[in-house]
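Here's a quick briefing to read alongside the model. Have the structure open as you go.

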Protein chains: 2
Amino acid sequence: MELLTDLNGIQTRTDQYLITKLDSLAVNDEKLLAAMRYGLLIGGKRMRPYLAHITGQSLGVSATDIDGIAAAIECIHAYSLLHDDLPAMDDDDLRRGQPTCHKAYDEATAILAGDSLQTLAFDILANHPFSPAVAEKRITLIQQLVKASGYQGMCGGQALDLAATGEQISLSQLEQLHALKTGALLEASVLMAAECAHNISTEEKQALATFAQRVGLAYQVRDDIIDITSSEEELGKPAGSDVNANKSTYPALLGLTGAQQKADDLYQQALQALASLPYNTQNLSEFATFIIERTS
Amino acid sequence: MELLTDLNGIQTRTDQYLITKLDSLAVNDEKLLAAMRYGLLIGGKRMRPYLAHITGQSLGVSATDIDGIAAAIECIHAYSLLHDDLPAMDDDDLRRGQPTCHKAYDEATAILAGDSLQTLAFDILANHPFSPAVAEKRITLIQQLVKASGYQGMCGGQALDLAATGEQISLSQLEQLHALKTGALLEASVLMAAECAHNISTEEKQALATFAQRVGLAYQVRDDIIDITSSEEELGKPAGSDVNANKSTYPALLGLTGAQQKADDLYQQALQALASLPYNTQNLSEFATFIIERTS
């Protein structure tokens, strides 16, 4: 499988930023802070920070500006996992091979840790020492994160996902669900990084948005495929959990071959969007390849 | 009991703003949007919006600037009630005489509605059409709301409250708990409004902070007293619920007379803080009187 250039470096950088941020908080309630730390630092591939950083690299944005964006997005992602795993939602006991936050702590603490991590995302965008030109765009960045994560983004997608559980939904409904639930935050990782670039045109932003949308959907299609073709050991959680949870999936709607074809089509569309850009987008195309080839 | 000047007008104004904001959201998931609406609009005294508006009036801030601050704070307050009422937290079936959100809908929807309302708060601060001078302070306002509502504010206070349930805690621990859990957002209602004022000095902001802290604590002391002296009908929820839930309260630590004395002392300190200000603070002092005299 394709290896991502400097993935480890970006993971370490993101973790270090998040640790420093958590360490800066005055300790009021040790258990809550520990649960926030657990939710943020229990592993995770840091795909969204990686996407933000390689987008920034392509567009000549400084890595220290991207640090704030990557960390804020990762806080939103982490909070959503804490809440999605709760008994009232997906009721998952394992995440990345470890007990989920409400298993390691308790439900009330997992709810509050999620709430606090959402606030921390906006804390980071409001307080990160951005360079002067990017600092002027703080409000735009916050608007982008709001749109990607709230009712009109990730939260709305999770609600659609819950509503669709056990129901037969159409391919277009499944795409809308994923575009909101996981796509919006992946797209924000690219577009918030792009927002920091000098002189980027609306058309270029649109091409990057198309790239991110196609990669985001391909990621989900692959996720559905992996869920039925991988072992629990590879996944770090029970295999076949989507099927067991009566979730609509691409393989269920299109068959396994059809779902793989769908992923391939999305991959080609993602590369096509990149081809229109006057930047070195090698890392972004390698990211798309990584998504399409990953097996766990 | 003291009646608050134009409380109804500010309630209506706040509700209208929130309804317009909710109506502006593209409908993705009707049930989630309905639960957000339920959580935001099921009544409530709108004490925080009221406090923001009367502070703004005292300092000559335009009401349309305060509208955005009041609505954002109310979204945070509403989200906290949705999550605090959950079975894993306080497990309340009634709120303001109505079924709590997870009873009217379901737990997953109440969690997501709370999450979405938190995002909506930052949405409002990032997008409200503030006047130009206040728009320049958007980031400061967001920083203030972050501090009041996240781990270092309301969420941290709720965690301390959960940790203290069934435990014997000291008076100073009880004060810290309430300063974070309810005090921080009441203080933000005053200080975010003050942030919008022209030429307000650091000393004047400090006096307003002292006022808000004392009133916030007095509010909580009164709340504890009312919980054991009022009927279910007056409260809109079961009376004695704090005692039944093994919560530490001021009457438990100080006795009923001691708690009332504590509330009176805080009231006097709040008025004293106002006395140092060169503004017409009549409505703020009436607010403090209302808090100290309220019986439900």
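α8(A) passes α8(B) in a left-handed crossing, meaning that the near helix is turned anticlockwise from the far one by less than a right angle (clockwise would be right-handed). Keep in mind that this is a predicted model, where local features need pLDDT of at least 70, side-chain atom pairs count only at pLDDT 80 or more, and totals for chains, interfaces and linings use all residues. Residues are numbered from 1 along each chain as its sequence is written, chains are lettered from A in the order in which they are written, and side-chain values use heavy atoms, with hydrogens and water left out.

**The α8 pair**
- Both helices span residues 138-149, and their axes come within 10 Å and cross at roughly 50°.
- A:Arg138, A:Ile139 and A:Ile142 meet B:Arg138, B:Ile139 and B:Ile142 (contact means heavy atoms within 4.5 Å).

**A:Asp161**
- A:Asp161 sits in helix α9 (residues 154-164) of chain A.
- A:Asp161 counts as buried because its relative accessibility is 8% (buried is under 20% relative accessible area, with a 1.4 Å probe and protein chains only).
- Leaving out residues up to four places away in sequence, A:Asp161 touches A:Leu177, A:Lys181 and A:Lys247.

**A:His53**
- Look for A:His53 in helix α3 (residues 47-59) of chain A.
- With 4% relative accessibility, A:His53 counts as buried.
- Beyond residues up to four places away in sequence, A:His53 touches several residues, among them A:Ile10, A:Arg13 and A:Asp67.

Definitions and conventions. Axes fitted to C-alpha atoms, helices over the stretch in contact; angles between N-to-C directions. Helix = DSSP H or I, 4+ residues; strand = E, 2+ residues; numbered from the N terminus. Buried < 20%, exposed > 50% of the residue type's maximum accessible area, 1.4 Å probe, protein only.
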